[in-house]
Amino acid sequence: MTDKQNQHFVPQYYFRNFSTDEKSIRMLVKSSGKIVLNAPIGTQASRNKFYGSREIEKKVTEFDNKYSAVFSKVISHVNDKELTHHSFMGMMESLCFQELRTLNERKSKAPLMDFFEGFFQPQLDANDDYDSGGPPEVTKVINDAMRTALETMSDPKSWQTYHMFNVEGELAEILDLDAVFLKNVSGTTFIFSDTPVARFNFALKDQPYDKHGNKHFGLTLHYPINSELGFLMFDRNAYELISDDQNIVTVSDRKDVDALNILQIHNAVNSIYFRDVECGEYVNNLWESEKDRFMKDIPKVECLEEITLDGYLTGRMVNTLVLPEPTFVPELTFLKVVDFSGYHFLPYRERFVSVLENT
């Protein structure tokens with residue numbers, strides 16, 4: 001009998017935050033616009049053995065239990081206006097973990113994995129012919145270690161789970177971003193997708209730069225928490241937050257909610273989710289308005305000129321993963337782009353740039 005393991009890349013506790021019965025969710029299929037009114041939570045955003053073994057799934061569950069508790073506390077703390085440093089840190093880490101675990105993350109890195117496989121395959125083929133010059137058992141141990149290392153570097157599951165379980169490294173790169181909770185009182189609910197952490201960069205919208213990496217100036221990340229609450233991280237040097245409360249922004253303008261919901265639709269791989277049956281027509285209308293603008297380009301590895309963080313060309317060519325430019329960039333009424341015409345480090349945030357001084 002096949003040992004099936006239905007493993008989720010968006011956890012079930014997250015779905016339950018948007019569910020009226022904690023068992024089912026409303027869904028729109030991105031490819032067709034079809035709406036399913038009672039999609040079972042247990043089968044959403046999941047695949048058989050998505051992460052691999054039961055041991056890895058058990059470790060993922062430990063993280064899920066941790067972040068489920070974070071969500072519960074944050075929702076309570078926002079309602080009671082008792083947010084703490086731990087509230088923000090917990091959400092930042094859970095945001096990073098969620099972004100690293102999705103099907104979209106694996107798909108976006110697929111060209112890189114294919115490149116590694118092609119690069120390492122000749123070395124794998126020659127691996128068994130390697131002779132350490134020592135006893136045969138020592139040579140075998142070395143050969144086995146080399147094979148394991150090379151196979152792991154080109155295996156998408158191993159690559160993804162390695163980064164997931166080292167989430168602190170991802171978090172460290174965005175800790176300088178500011179963060180706020182979005183309290184939605186617009187009357188239009190937040191929706192989410194099978195890729196719920198969405199990146200955008202309105203500050204550099206018209207600039208000829210890559211804009212969405214962890215080190216980029218103007219980076220913004222949005223993560224819905226439930227239908228009335230969201231989490232936003234943004235570069236404080238690129239934007240001014242227009243809000244009396246710098247921890248909880250009351251979002252009353254439907255245009256802001258629409259913009260963030262459209263972003264979720266564009267960010268989805270397969271599915272968009274929402275809480276109420278009555279919301280179905282609204283979500284379908286958003287999908288209809290955007291369906292012809294969905295990104296058709298795919299990530300690819302290109303050989304490009306190497307440039308340092310200081311903006312200097314090294315003269316070398318390097319193979320680089322190039323992600324397509326998003327076709328939708330939300331503009332939010334409570335986030336104003338500052339004048340950065342005098343900023344010298346574009347497209348990177350200053351903390352990542354080592355300035356070369358004349359001596």
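**Figure 1. Met-27 and its bridge partner in E12, Tyr-273.** In this predicted model, local features need pLDDT of at least 70 and side-chain atom pairs count only at pLDDT 80 or more, whereas totals for chains, interfaces and linings use all residues. Residues are numbered from 1 along each chain as its sequence is written, and side-chain values use heavy atoms, with hydrogens and water left out. Strand E2 (residues 24-29) and strand E12 (residues 271-274) run antiparallel and are joined by four bridges. Helices (H or I, at least four residues) and strands (E, at least two) are DSSP runs numbered from the N terminus. The open sheet contains four strands in the order E3-E2-E12-E6, with antiparallel pairing; two strands pair if DSSP finds at least two bridges between them. Strand E3 (35-40) and strand E6 (192-193) are the edge strands, each pairing on one side only. Helix H9 (residues 280-290) packs on this sheet and touches E2, E3 and E12, contact meaning heavy atoms within 4.5 Å. The direction of H9 makes about 25° with that of E2; axes are lines fitted to C-alpha atoms, for helices over the stretch in contact, and angles run from 0 to 180 degrees between N-to-C directions.

**Figure 2. The open sheet of five strands, with mixed pairing.** The strand order is E7-E8-E9-E5-E11. Strand E7 (198-200) and strand E11 (248-251) stand at the edges with a single partner strand each, so one side of each has no neighbour in the sheet. From one strand to the next, the twist averages 25°. Strand E5 (residues 178-184) pairs with E11 in the parallel sense over four bridges, and Lys-183 stands opposite Thr-250 in E11. Helix H2 (residues 54-80) packs on the sheet, where H2 touches E5, strand E8 (220-226), strand E9 (229-234) and E11; the direction of H2 makes about 90° with that of E8. Helix H3 (residues 85-101) also packs on the sheet, touching E5, E7, E8 and E9, and its direction makes about 100° with that of E8.

**Figure 3. The packing of H2 and H3.** The axes of H2 and H3 are 9 Å apart, and the helices pack at an angle of about 135°. The two helices are therefore oblique to each other (angles under 35 degrees count as roughly parallel, over 145 as roughly antiparallel, 65 to 115 as roughly perpendicular and the rest as oblique). Their crossing is left-handed, a term that applies if the near helix is turned anticlockwise from the far one by less than a right angle, right-handed being used if clockwise. Among the residues making the contact are Val-60, Phe-63 and Tyr-67 of H2 and Met-91, Ser-94 and Phe-97 of H3. The contact of H2 with H3 comprises eight nonpolar, four polar and four charged residues; Ala, Val, Leu, Ile, Met, Phe, Trp, Tyr, Cys and Pro count as nonpolar, Asp, Glu, Lys and Arg as charged, and the others, Gly among them, as polar.

**Figure 4. The crossing of H3 and helix H7 (residues 167-174).** The axes of H3 and H7 come within 9 Å and cross at roughly 115°. This crossing of H3 and H7 is right-handed. Contributors to the contact include Met-92, Cys-96 and Leu-100 of H3 and Val-167, Leu-171 and Ile-174 of H7. The contact of H3 with H7 holds nine nonpolar, no polar and three charged residues.
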